[in-house]
Amino acid sequence: MVKESDVLHIAELADIGISSSELGKFTEQFNAILEYFDILDTLEVTGPLERPLVNIFREDEVTPCISQEDALRNSHNPEDGYIRAPKVV
Amino acid sequence: MNDKYNAYLNTTEIPGTGSGILAGIRVSIKDNISTKDIETTCASKILKGYIPPYDAHAVTLLKNAGASIAGKTNMDEFGMGSTTENSAFGPALNPHDTTRVTGGSSGGSAAAVAGGLVSMALGSDTGGSIRCPAAWCGIVGLKPSYGRVSRFGLIAYANSFEQIGPLAANVRDVAKLFSVIAGHDKKDSTSVSKPYDGKVIPDIRGKTIGIPREYFGEGVDRDVAAKVREAITKLEELGAAAVEVSLPSMKYALPAYYVTCTCEASSNLDRFDGVRYGPEPEMNLPWHDAYTKVREAGFGQEVKRRILLGTFALSAGYYGKYYVKAQHARQLIAKDFASALKTCDFLAGPTMPNVAPKIGELTSDPLLMYQADILTVPVNIAGIPAISVPCGTAHGMPVGLQLMGRMFGEESLLNAALAFEEAV
């Protein structure tokens, strides 16, 4: 059973603000959806997952890439060729 | 262009150049496929105004083949939905009945083709997003084998499932568009070298078609099932043999799909914080608070719901119960398909359990919306190709016959679809 406090905690982990009306609705919906997922728990796991393909590498070749100007084009007020971000500390 | 179906988010036209096989053909592109210098939003407010600095590999191939780009099509936000009602810019409308949904998430692409605005469109299929709107809008849509079409430039939602693929009014056009986009691309590490020559011929005689009994089970509308049974009889008349098969692990398919896709979404959509693109965060706030506000305002309800579900399923204490079990279920489902496709050339069933619902009918209950995908997600889990071909109507709306083929078996799948199309 997922509680509203669980949903709030998950929203904090995911950096998503949710309103109080969303909180009640999401909690109710998550319980219905997770109940539907419960059938997975009846699955007997008999061995490790098979992994037919692991780490496919390509040659490390020099190829053209987008320009600094293009890379900054969608950011807000870039400064000295850098992207600006909210303060971290 | 008179877009009465809200099929487009952006109708900028880029004329084609050269004399390739798509010369003179206008192709529309789903708005989660990057187009250089053309706004690409994934139908989300969080990408409003985003101008990609590069083309998706599939778009480069279209341009090289001479196609002109007729605009970016409406979709469920980031591909999350089965009706195109989860678009931040309003739902696309079904050309057969504008009070009904197109299906999703590539609903704009399907409406543009079905409404006669273009002859071909690109969509993407994560759990049915090409086949569902193709079925509900009465056109043809192909979900390619995983790896056959490059995903470079496809804005990721659940990258272990999704493929870019063609939608068109008929099988020959689907084959033509597929021949342009299939093939290896070094920029996608899951890409394989399996080009397609586009030589489609009607061919079904002597093939064995498996009819999974799970595809006609509970929840499948009786009239839809009857129409698809008629289509299978037609395939038999054309010289195919139909045999009943079973996919016993299919009961895990929908939960395994939704656990995996929400987990992948929670990781893939982490990048949308407004810093490099999207709405500007408040730079003077601490970064968690700034991102929380941008994401609260920028994401729609379904996107929030899936990111939160995925974050939950991956969190400490739940990872083993949900994610790990879903991966084991995925393996079992893939084995069921591989086993059935050893003796059968194809599997056949309905694409969707119902016809297109009325606008608003599925939006109040997310679980009801998820259950609409029951017959399409198993194919994405197994990675195999599948095509939806129109096979008549039920309740006055189009019904799609779904043919599912062997891994990288698009050639014979398209040939079978063409044989059916020409016979009806």
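Helix α2(A) and helix α8 (residues 301-314) of chain B pack at an angle of about 60 degrees, with axes 11 Å apart. This is a predicted model, in which local features need pLDDT of at least 70, side-chain atom pairs count only at pLDDT 80 or more, and totals for chains, interfaces and linings use all residues. Residues are numbered from 1 along each chain as its sequence is written, while chains are lettered from A and ligands numbered from 1 in the order in which they are written. Helices (H or I, at least four residues) and strands (E, at least two) are DSSP runs numbered from the N terminus. Axes are lines fitted to C-alpha atoms, for helices over the stretch in contact, and angles run from 0 to 180 degrees between N-to-C directions.

- Ala, Val, Leu, Ile, Met, Phe, Trp, Tyr, Cys and Pro count as nonpolar, Asp, Glu, Lys and Arg as charged, and the others, Gly among them, as polar.
- Looking at the whole interface, 38 residues of chain A are in contact with 48 residues of chain B.
- On the chain A side, α1, α2 and α3 (68-72) are the elements that give two or more residues, and the largest share, seven residues, comes from α2(A).
- That side of chain A divides into 25 nonpolar, five polar and eight charged residues.

**Inside chain A**

- Helices α1 (residues 4-13) and α2 (residues 20-37) of chain A have axes that come within 9 Å and cross at roughly 105 degrees, so α1(A) and α2(A) are roughly perpendicular.
- Glu4(A), Val7(A) and Leu8(A) of α1(A) meet Leu23(A), Gly24(A), Phe26(A), Thr27(A) and Phe30(A) of α2(A).

**The sheet of chain B**

- In chain B, 11 strands form an open sheet with mixed pairing, in the order β1-β3-β2-β6-β8-β7-β12-β13-β11-β9-β10. Two strands pair if DSSP finds at least two bridges between them.
- The edge strands, each pairing on one side only, are β1 (8-10) and β10 (241-245) of chain B.
- Strand β9 (residues 208-212) of chain B runs parallel to β10(B), joined by five bridges, and Thr208(B) stands opposite Ala241(B).

**A closer look at β6(B)**

- Six of the six residues of β6(B) are buried, so β6(B) is largely enclosed by the rest of the structure. A residue is buried if 20 or more other C-beta atoms lie within 10 Å of its own, exposed if 12 or fewer, and partly exposed in between, with C-beta atoms placed from the backbone.
- Met120(B), Leu122(B) and Ser124(B) are on one side of β6(B), and Ala121(B), Gly123(B) and Asp125(B) on the other.
- Three bridges join β6(B) to the parallel strand β2 (residues 26-30) of chain B, with Val27(B) partnering Met120(B).
- Six bridges join β6(B) to β8(B), which run antiparallel; here Ala121(B) has Leu167(B) as its bridge partner.

Technical notes:
Parallel < 35°, antiparallel > 145°, perpendicular 65-115°, else oblique. Contact = placed C-beta atoms within 7 Å.
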